Every structure is written in C-alpha cells, then in structure tokens.
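Here is a short report on one protein chain.

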Amino acid sequence: SKPGCTERFELFVVGRELANSFSELTDPVDQRERFEVQAAKKAAGDDEAHDVDEDFLSALEQGMPPTGGLGIGIDRLIMLLTDAPSIRDVIAFPQMKPEA
C-alpha cells in the first residue's frame with residue numbers, strides 16, 4: 001500500500017464493466033480526523049455530512065483487519081444477462097430514460 005492512495009479495480013465481463021472495488025481506510029487516527037471534519041460540517045448545517053462513528057472507530061482501534069468494498073450494480077448484471085448494449089435499455093427508472 002502507498003500512503004494517500006486507494007487500491008481500486010474494476011471487474012469487466014465480456015468487455016463490460018460489471019463492478020467497482022476498492023480498499024478502505026483503516027488508520028483510526030486518520031479516520032477520526034475525517035469524521036470530525038464531517039461532524040463540524042454537519043454542525044454548520046451541511047445536510048449530507050455525518051456524525052463521528054465511534055463504533056467504527058473502536059473497531060479500527062482494536063485492530064480491524066484491512067477491508068474493501070465491491071459494488072455490483074443489478075442494472076449492469078441485467079445488461080450482461082440480456083446482452084443489452086446500453087444501460088438505458090435495462091434501467092429501472094423510466095424518468096432516467098431519454099424521452100422518445
């Protein structure tokens with residue numbers, strides 16, 4: 001691992017992106033600082049900011065092993081299964097489709 005970098009990869013199947021994956025920040029001191037910045041933004045009225053997550057920080061401080069995330073979109077999986085050329089062909093939200 002390189003300080004300041006997130007490890008990330010994308011899963012491609014039959015030439016189409018199916019998922020994104022990434023490593024998580026596991027330094028409890030760094031994470032606490034980031035949470036405190038978020039909490040200050042929330043106190044200042046930012047509706048999208050979050051509070052400090054003490055349970056998560058406790059897990060990090062006790063030695064939670066390195067973690068990561070994998071996001072597989074159901075829309076992309078349906079594209080693969082139906083051989084759809086575009087995500088617009090399978091998207092579940094009609095308001096996101098262009099008007100005909």
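## Helix α2

Helix α2 covers residues 54–61, and at its start a side-chain oxygen of D53 comes to within 3.3 Å of the backbone nitrogen of D55. A polar contact is a pair of N or O atoms within 3.5 Å; within protein, one must be able to donate a hydrogen and the other to accept it, and residues adjacent in sequence count only if both atoms are side-chain atoms. Just after α2, G63 has a positive phi of about 100 degrees.

This is a predicted model: local features need pLDDT of at least 70, side-chain atom pairs count only at pLDDT 80 or more, and totals for chains, interfaces and linings use all residues. Residues are numbered from 1 along each chain as its sequence is written, and side-chain values use heavy atoms, with hydrogens and water left out. Helices (H or I, at least four residues) and strands (E, at least two) are DSSP runs, numbered from the N terminus.

## Helix α1

Helix α1 spans residues 28–43. At its start, a side-chain oxygen of D27 reaches to within 3.0 Å of the backbone nitrogen of V29. Just after α1, G45 takes a positive phi of about 105 degrees.

How far apart are the end C-alpha atoms of α1? They are 22 Å apart, which agrees with the 22 Å that its 16 residues should span at 1.5 Å a residue. The expected span is 1.5 Å times one less than the number of residues.

## The sheet

Three strands form an open sheet in the order β1-β2-β3, with antiparallel pairing. The edge strands are β1 (8–13) and β3 (68–72), and each pairs on one side only. Neighbouring strands are turned by 20 degrees against each other on average, direction ignored. Two strands pair if DSSP finds at least two bridges between them.

Six bridges join β1 to β2. Here E10 stands opposite N20 in β2. The two strands form a hairpin with two residues between them, and V14 in the turn has a positive phi of about 50 degrees. Strand β2 (residues 16–23) is joined to β3 by five bridges. F22 stands opposite G69 in β3.

## Helix α3 on the sheet

Helix α3 (residues 74–82) lies across β1, β2 and β3. It runs at about 145 degrees to β2. Axes are lines fitted to C-alpha atoms, for helices over the stretch in contact, and angles run from 0 to 180 degrees between N-to-C directions. Contact means heavy atoms within 4.5 Å.

## Between α1 and α2

Which rings form an aromatic pair? F35 and F56 do, edge-to-face, at 6.2 Å centre to centre with 70 degrees between the planes. The pair links distant parts of the chain: F35 is in α1 and F56 in α2, 21 residues apart. Rings of Phe, Tyr and Trp (its six-membered ring) pair if their centres lie within 6.5 Å; planes under 30 degrees apart count as stacked, over 60 as edge-to-face and the rest as tilted.

F35 has 15% relative accessibility, so it counts as buried. F56 has 26%, so it counts as partly exposed. Buried means under 20% relative accessible area, exposed over 50%, partly exposed in between (1.4 Å probe, protein chains only).

Q31 also lies in α1. Its relative accessibility is 11%, so Q31 counts as buried. Q31 touches L25, F56, L57 and L60, not counting residues up to four places away in sequence.
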